[in-house]
Amino acid sequence: MEACAIENGALIGTTAVVLNGATVGGRALIAAGSVVGATARVPAETLNAGAPATVKRKLEGESLAWVENTPGGYVQLSREYLRQTIGDPDLQESIETSAT
């Protein structure tokens, strides 16, 4: 991802690619392995998948809540991983400092 815009609350799946000039709307979900084309506009609160990524459906109810709540879990997992002293010690110190 470079030279693109990812709006607040958007969730980008593992190995997904967002090309130059693309905009991913707030609380949108880009499925793992998807490719958002150059200059594409992904609407807010939608599920998008494929290569090229296309809207599969609007997110609402439990699906939208999942998108809103999942990123915090990933942050927590990354901090737990770093507390195990696995990985780059300088990065661990940086994470611990930012958590305070």
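**Close-up views of a sheet and its surroundings**

**View 1. Strand 1 pairs with strand 4 (residues 23-24) in the parallel sense, over two bridges.** Strands here are DSSP runs of E with at least two residues, numbered from the N terminus, and two strands pair if DSSP finds at least two bridges between them. The model is predicted: local features need pLDDT of at least 70 and side-chain atom pairs count only at pLDDT 80 or more, while totals for chains, interfaces and linings use all residues. Residues are numbered from 1 along each chain as its sequence is written, and side-chain values use heavy atoms, with hydrogens and water left out.

**View 2. The open sheet has three strands in the order 1-4-7, with parallel pairing.** At its edges are strand 1 (5-6) and strand 7 (41-42), each of which pairs on one side only.

**View 3. T23 lies in strand 4.** The bridge partner of A5 in strand 4 is T23. With a relative accessible area of 16%, T23 is buried (under 20% relative accessible area, 1.4 Å probe, protein chains only). Leaving out residues up to four places away in sequence, T23 is in contact (heavy atoms within 4.5 Å) with A5, E7, A40, R41 and V42.

**View 4. Nine residues make up the largest nonpolar core: A10, A16, V18, A22, V24, A28, I30, V36 and V42.** Such a core is a set of buried Ala, Val, Leu, Ile, Met, Phe, Trp, Tyr and Cys residues joined through side-chain atoms within 4.5 Å. Another core, of six residues including L29, L47, L64 and V67, lies apart from it.

Methods:
Helices (H or I, at least four residues) and strands (E, at least two) are DSSP runs, numbered from the N terminus. Buried means under 20% relative accessible area, exposed over 50%, partly exposed in between (1.4 Å probe, protein chains only).
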